[in-house]
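I'm going through one structure bit by bit and jotting down what I looked up.

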Amino acid sequence: MEIKKKDIRALTKEQLRVFFVKEGDKAFRGNQVYEWLWQKAAYSFEDMTNISKETRQMLEDNFVINHIRVDTMQRSNDGTIKNAVRLHDGLIVESVLIPTSTRTTACVSSQVGCSLDCKFCATSRLKRMRNLNPDEIYDQVVAIDNESRLYHNRPLSNIVFMGMGEPLMNYNNVIKAIDKITSKEGLGMSPKRITVSTSGVPKMIKKMADDEVKFNLAVSLHSAVDEVRTSIMPFNETFPLQDLRESLEYWYTKTQRKISYEYVVWKGINDTQNDIDAFVKFCKYVPCKVNIIEYNPIDDGEFQQASNEALENYIRTLEQNRIVVNVRRSRGKDIDAACGQLANKT
Ligand code: SF4
């Protein structure tokens, strides 16, 4: 009978130390193996050259290293890179590197597919198959950090959880991945450079506040009118704007940290004065800043970017109300790497 081997990267450093002691070895061996797994990103036990051959064989007999593999890497004319990442069970997710003159940002996935059904999003067409493990999230970041160094001569500076999936529906694994990314034994990144972007799950926003997380929160809002939001993000029926508002007020009271609202303006959907007024009103509930994002049509063309006039009207009204607003031009459109376009097309 074949023995099912365990994923060694699911073990904490302490668990590895205990394992080696039980095997009659030194606890220190656990530190060495942990370093190979996380700081040196070893793909096989063979790579662990300061570990004896017998010990490597013993590890091989008991464990596997479920590393991701970058199946295909596409580079856009604007420097954006999209990775199609193969997981140990053959499923694929995508992650993106977005370079600007001042930063390189990794946009990573948290689930294979998505259980939510945002009408404008290509990922929503891939039903949720499973959550990503913490190491699968971490590996996407390491792969992008390596590409950033190789192609842009600088390390990764920021991370956004805006790829495939709703991160708050895989909360525990996302938190474990962020712990690893920010720890000295991982990448040592500041949590201030990490943003978790949610479509707005009120209960989980409150939990993050209770957990005193140190990273930033972004909400894909797209409308502050319940009927409109429900028509494009159907789960808004279950979690209406009033609940979202309460959870954001709770977040701010506990963390004193501003929220970012991600907002796309579509023709004929949320481009009226009534939509703008409702959004400005919502922005006043909690200190915030706004990112207006250029939309990238997905195949069926049901959603189209609003006119420049409508966009300018949004920007002007927000600024008149002293709300900080940035306009995010789309990146990586030619390789389907832009916001809302991740759908495993490669
Ligand atoms: S926008 Fe985000 S939450 Fe909505 S379907 Fe797409 S991946 Fe899921």
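This is a predicted model: local features need pLDDT of at least 70, side-chain atom pairs count only at pLDDT 80 or more; totals for chains, interfaces and linings use all residues.

**Cysteines first**

I started with Cys121, which is buried, with a relative accessible area of 16%. The cut-off for buried is under 20%, so Cys121 falls on the buried side. Next I checked Cys118, and at 12% relative accessibility Cys118 counts as buried too. How many disulfides does the structure hold? I found 0.

I then listed the strands. There are 10 in an open sheet, and the order goes β3-β4-β5-β6-β9-β10-β11-β12-β13-β14. The pairing is mixed. Which strands stand at the edges? They are β3 (69-75) and β14 (324-328). Each has a single partner strand, so one side of each has no neighbour in the sheet. From one strand to the next, the twist averages 20°.

A reminder from class: strands of a sheet pair through backbone hydrogen bonds, either parallel or antiparallel. I looked up an example of each.

- Antiparallel: β3 pairs with β4 (residues 81-86) over 6 bridges. Across this pair, Gln74 stands opposite Lys82 in β4. The hairpin of β3 and β4 has 5 residues between the strands, and Gly79 takes a positive phi near 95° there.
- Parallel: β10 (residues 194-198) is joined to β11 (residues 216-220) by 4 bridges. Here I noted Ser197 opposite Ala218 in β11.

I picked α4, which covers residues 134-152, 19 residues in total. From its first C-alpha to its last, α4 reaches 26 Å. That is close to the 27 Å expected at 1.5 Å a residue. Just after α4 comes Asn153, with a positive phi of about 55°.

Most residues other than glycine have a negative phi. That made me look up a couple of exceptions in loops.

Ala41 has a phi near 50°, a positive value in a residue other than glycine. I found Ala41 in the loop between α2 (27-38) and α3 (53-62). Is Ala41 buried, partly exposed or exposed? At 24% relative accessibility, Ala41 counts as partly exposed.

Glu212 isn't a glycine either, yet it has a positive phi of about 55°. Where does Glu212 sit? Its place is in the loop between α6 (202-210) and β11. Glu212 counts as exposed, at 56% relative accessibility.

**Asp271 and what it touches**

My last stop was Asp271, in the loop between β12 (259-263) and α9 (273-283). With 24% relative accessibility, Asp271 counts as partly exposed. What is Asp271 in contact with, leaving aside its neighbours within four places in sequence? I wrote down Val265, Trp266, Ala306, Ala310 and Tyr314.

I also looked at what the side chain of Asp271 does. The side chain reaches the backbone nitrogen of Gly268 at 3.0 Å. Then I checked Asn313: Asp271 and Asn313 are 42 residues apart in sequence, and their C-alpha atoms are 9.0 Å apart in space.

Technical notes
Residues are numbered from 1 along each chain as its sequence is written. Side-chain values use heavy atoms; hydrogens and water are left out. Helices (H or I, at least four residues) and strands (E, at least two) are DSSP runs, numbered from the N terminus. The expected span of a helix is 1.5 Å times one less than its number of residues. Two strands pair if DSSP finds at least two bridges between them. Axes are lines fitted to C-alpha atoms, for helices over the stretch in contact, and angles run from 0 to 180 degrees between N-to-C directions. Buried means under 20% relative accessible area, exposed over 50%, partly exposed in between (1.4 Å probe, protein chains only). A disulfide is a pair of cysteine sulfur atoms within 2.5 Å. Contact means heavy atoms within 4.5 Å. A polar contact is a pair of N or O atoms within 3.5 Å; within protein, one must be able to donate a hydrogen and the other to accept it, and residues adjacent in sequence count only if both atoms are side-chain atoms.
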